[in-house]
Amino acid sequence: MTVTVEQSGDIARVTIDNPPVHAISHAVREGLVAAIARTEAMDVVAVVLRTAGKTFVAGADVREFNAPPQPPHLPGVVTALESVTKPWVAALHGAALGGGLELALGCHYRVALHSARMGLPEVLLGLIPGAGGTVRLPRLVGAHQALSMATSGRHVPATEALETGLIDHLVDADLDAAAEQFARACAAQPLPLSVLQRPLPAWDANGFEAEAEKVARRARGQLSPVAAADAVRRAMTLPPEEALAAERSAFLTLKDDPQSKALRHIFFAERAAGKSWLTLDTAPAPHRHIGVVGGGNMGAGIAAACLLAGLKVTLVERDATSAAAGRKRVEKILQGSLNRGRLSPEDHPRVLSNFQSADVFGALAPCDLVIEAVFEDLDVKAEVFERLDAVTRPDAVLATNTSYLDIDAIAASVREPSRVIGLHFFSPAHVMKLLELVLPAKASAQAIATGVALGKRLGKVTVPAKVCDGFIGNRILAAYRREAEQMLEDGALPQDVDGALKAFGFPMGVFEVQDLSGLDIAWAMRKRRYAEDPEGTPRAPIADALCEQGRFGRKAERGWYNYAAGRADTDADVTALIERHSASKGIRRRAIPPEEIIARLINVMQVEGQAILDEGIAATAGDIDVVMVNGYGFPRWRGGPMFMVDAARAGTSTR
Ligand code: COA
C-alpha cells in the first residue's frame, strides 16, 4: 500500500510510502483520496500527513509525465484536502518539493524538522506547479518570496520557511510526536480558513515587475521561469479559481513542450550517469585525506572543492614560493565561499585547519588519494607519477587531472598501474558540477569505486570515459572549435558565431571562451603536435596567427576580440586577418546565417558524439549530454546534442 491510515489515540496518521522519494504517482493520488474519505469517517480530532523513510514527498512522479495524466488528478486531491472538517497537519522532513509542497499547502498547518527544505523546483524541469502551488504560496509568503521560489526552484531551509510564514512550527527532533502534539492543540481551535481562501498579503507590483523582468532576461530562451512569474502574477491579480485554472493549463502545455522533455531527459540522465559502466558493488578505498600536486588555478580549485566537502587536503608545489602562492589561491577561494555564504563563519576555521601546503612530495605520504594537477605535458606528468610512486602509500589511489593526455602512458610510470585513474575536473573546480572519471585499461575496480565515491562526496555529476585524446568533452569541443574556425574561413566573423551560440542558449560563444581561458596554452599544445605529427594534426591557422601576434585573449587585452575598453569589442585587425586568410585560400566569403552556424556546430557535436559512442569512449548518449550540459555550457533546456538527434527524428526539437 502506498498510502496507509492508522489511528494514534485521537489522531489519524496518513502515511505515504513510495520510496525512494515518495513521488506522487497515480497510486499515491488514489490512496490519498481514499485516506481523506476514511479519516473524515474516523473518530479522531485531527490528521497528520507524513511519509515513511528519509524525506517528505519530493514531487509528482515525473516518470508519469510522458503519458496523459490519469485521474484522480493532484489539483483535485489538494482541493479535497481543503474541504475536510478536521485539521490536517503536514509533517515535513528531508525535501518537500513540487507536488509534495502543494500537498502540504492543501493542509491547514505545516510542521517541519529543522533540516527540512521546501521548494517548487518544477521550473528546473521546464514546468510550473500544476496543483495550485503558485496560487497558494503567495497567500502565505507574499508575492516576492513566491516569485523567487517559483522562478528559481531553490530549496528554502526550514528556518527561512518559518520566518516567511510557509510553515507554522519548527522542531529539532521526533517529528511524529511533535506533529501529533501540534495537531491535538490545533483541534482545540476553530478550523482555520484554507490557504486558498486566505487574503492576499499586500504587494509591491512595480517591484514585482522589475524582478520578473530580471527573470526573463536570465532565462535566455527558457520558457518555464517566465511562465512561473506569470502564474504568480495571476495569483496576485485574479480570483483564485481563475488563477488555478490558468496555472493548470500552463502546466499541461509546458509538460508537452520539447523544452520540458529535454530537461526531464537531462534530469534522469544525470542520475543514470555511469550506472551502466560503474558497477558499484566494489567498496571504495578510504578518501578522507586528499593530496593535490600543483597549486595553479586548477589545483587550488580542486583543493578548495575537497576542503569545502569536509576533507583534509595537503597541497604540494615544487618550491616554497609556489607552495605559498598555491596556498593563497586556496585561501582566496575559501574566503570567497565565506563571503557568498557557501561556507559558514563557524566552519571556516575548521576547513582552514584541514589544509596544509608543502614543497616536498614526502608530505603526501599519509594521503589516501592524490590528484595531480600540474602542467599539461606527458613527460612532466610521468615524472610526477614516478615521484608519487616513491612517496605514497601503496594502497593510495593516484589520479591525474589531465584533460586529454594518454592516461595509460601516465599509469605506466608507476609500479602498480592499477591504482591510477583520471579525474578530469572543470574550472573553477569548486564550482563546476562535472567530473569526468577516466578509466585507464589497468585501473582496479577499487580505484574506480574510489573516484566515484569522491565525486559523490564533492557533489559532482560523475561521468565515466575511456582513454582517448580529449575524452568525451574536450574531444567534442576540439571538433566544434575546428568547425567554428572553418566558418571564419567561409565568411563568418567571431561575433557572428558567438552571437548565434548565445542566441541558441550558450552563456558564452566559443571564441569568447577561448579569450577567457587564454589562447596560448592550446597554441603550445598545437605546436607540439604539429612537430610530432605534421600530417595528421588538424591546423588552426587563424588562431595560430593571432597567437603569433601575442593576441592571447583577455589577459593580453587582445584575442579574438579587443578588451582595451574593458569589454569584448570586435576588432578590425582580426576581421582583416580573417579576410586575408580566406583570400589566400581562394575562398569567396559569404555571410553565414545564424541557423546555419548552429546547424553546422550541432551537427559536428553529434557526429563526434556518435564516434565517441561507437569507439566505446562513453557508455551512453545520455552521458555525453550530461558532459556537454554540465561542463561546456550547452543549454540544459535543449537536452544536449545527442538528445537533439532523437528529438529531431521525433519532430519534437526545442525552438
Ligand atoms: N519523480 C520520479 N522519480 C524521482 C523524482 C520524481 N519527482 N525525484 C527523484 N526521483 C528518483 C531519481 O530519479 C532517483 O532514481 P534512481 O535511484 O532510479 O536513479 C531517485 O529518485 C533518487 O533521486 P536522487 O536525485 O538521486 O536523490 P537525492 O537524494 O540526491 O535527491 C531530491 C533527492 C528529491 C532532492 C532530487 O531527486 C530532486 O530534486 N528530485 C526532483 C524534485 C522535483 O523536481 N519535483 C517536482 C517534480 S514536477
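**The sheet and its surroundings**

Modeller: Start with helix α25, residues 621-631, which lies across β16 and β17 and runs at about 125° to β17. This is a predicted model, in which local features need pLDDT of at least 70, side-chain atom pairs count only at pLDDT 80 or more, and totals for chains, interfaces and linings use all residues. Residues are numbered from 1 along each chain as its sequence is written, and side-chain values use heavy atoms, with hydrogens and water left out.

Some terms first. Helices (H or I, at least four residues) and strands (E, at least two) are DSSP runs, numbered from the N terminus. Contact means heavy atoms within 4.5 Å. Axes are lines fitted to C-alpha atoms, for helices over the stretch in contact, and angles run from 0 to 180 degrees between N-to-C directions.

Strands β16 and β17 belong to an open sheet of eight strands, in the order β12-β11-β10-β13-β14-β15-β16-β17, with mixed pairing. Two strands pair if DSSP finds at least two bridges between them. The edges are β12 (355-358) and β17 (461-466), each pairing on one side only. On average, neighbouring strands of this sheet are turned by 25° against each other, direction ignored. The β16 and β17 pair is parallel, over six bridges. L437 stands opposite P464 in β17. Helix α13, residues 320-339, also packs on the sheet. It touches β11 (312-316) and β12, at about 155° to β12.

The loop between β15 (420-425) and β16 (434-439) holds P428. The peptide bond joining S427 and P428 is cis, with omega about -5°.

A further open sheet has three strands, ordered β5-β7-β8, again with mixed pairing. Its edge strands are β5 (95-97) and β8 (156-157). Strand β7, residues 117-119, pairs with β8 in the antiparallel sense over two bridges. M118 stands opposite V156 in β8. Helix α3 (residues 99-106) packs on this sheet and touches β5 and β7; its direction makes about 85° with that of β5.

Now the ligand. It is surrounded by 18 residues, the closest being A58, A60, V62, R271 and K275. A residue counts as near if one of its heavy atoms lies within 4 Å. The shell divides into twelve nonpolar, one polar and five charged residues. Here Ala, Val, Leu, Ile, Met, Phe, Trp, Tyr, Cys and Pro count as nonpolar, Asp, Glu, Lys and Arg as charged, and the others, Gly among them, as polar. Helix α11 (residues 258-272) gives the largest share of the shell, three residues.

A polar side-chain atom of R271 lies 2.6 Å from a ligand oxygen. For R63, a polar side-chain atom lies 3.3 Å from an oxygen of the ligand. A polar backbone atom of V62 is 3.0 Å from a ligand nitrogen. The protein covers 70% of the 860 Å² of accessible area that the ligand has on its own. Accessible areas come from the Shrake-Rupley method with a 1.4 Å probe; for residues, only the protein chains shown count as cover.

Last, the loop between β2 (11-16) and α1 (26-41), which holds P20. The P19 to P20 peptide bond is cis, with omega near 5°. H22 is also placed in the loop between β2 and α1. Its phi is positive, about 55°, although H22 is not a glycine.

Key. A polar contact is a pair of N or O atoms within 3.5 Å; within protein, one must be able to donate a hydrogen and the other to accept it, and residues adjacent in sequence count only if both atoms are side-chain atoms.
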